[in-house]
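Dear colleague,

I am passing on the structure we spoke about, together with some notes on its side-chain contacts. Please look through it with the text below beside you.

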Amino acid sequence: VMEVPQDNLQEWLLRMKNEKGYALVGLEQCSDSVSIADFVFPEKCVLVLGNELRGLPAPYLSLLSKVVEIPQYGTIRSLNVASAASIVIST
């Protein structure tokens, strides 16, 4: 687990993807996201988590190899980032 400061995030993500061969998998609800129940995580991947209220900023979405979401029911559309990370990591 590693936290990368937002000032260096885009450069770091591109280095991980292009130089080190990692898939960038974002956790976000968007039109092309897939349920984590239907997704097989690559062996080499970086899980990209956004802000608890605003999610992943748009410039980062274009860098991602895939976007996954945690299926939710009811009116709440987001989870605490630590809870969301725990769910995805345990998958």
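What follows is a short account of the side-chain contacts found in it.

Please keep in mind while reading that this is a predicted model.

I begin with the charged pairs, where the structure holds one salt bridge. In this salt bridge the side chain of Arg15 meets that of Glu11, with a distance of 3.5 Å from N to O. Both residues belong to helix α1, which covers residues 6-18, and they are four residues apart, or about one turn of the helix.

Turning to the aromatic residues, a search of the whole structure finds one aromatic pair. It is formed by Phe39 and Phe41, whose ring centres lie 4.8 Å apart and whose planes stand at 85°, so the pair is edge-to-face; the cut-off behind that term is an angle over 60 degrees. Phe39 counts as buried, with a relative accessibility of 16%, while Phe41, at 23%, counts as partly exposed, because the limit for buried is under 20%.

Finally, there is a contact between a charge and a ring, in which the charged end of Lys44 sits over the ring of Tyr22, at 4.8 Å from the centre of that ring.

Note on methods
Residues are numbered from 1 along each chain as its sequence is written. This is a predicted model: local features need pLDDT of at least 70, side-chain atom pairs count only at pLDDT 80 or more; totals for chains, interfaces and linings use all residues. Side-chain values use heavy atoms; hydrogens and water are left out. A salt bridge is a side-chain nitrogen of Lys or Arg within 4 Å of a carboxyl oxygen of Asp or Glu. Helices (H or I, at least four residues) and strands (E, at least two) are DSSP runs, numbered from the N terminus. Rings of Phe, Tyr and Trp (its six-membered ring) pair if their centres lie within 6.5 Å; planes under 30 degrees apart count as stacked, over 60 as edge-to-face and the rest as tilted. Buried means under 20% relative accessible area, exposed over 50%, partly exposed in between (1.4 Å probe, protein chains only). A charge sits over a ring if NZ of Lys or CZ of Arg is within 6 Å of the ring centre and within 35 degrees of the ring normal.
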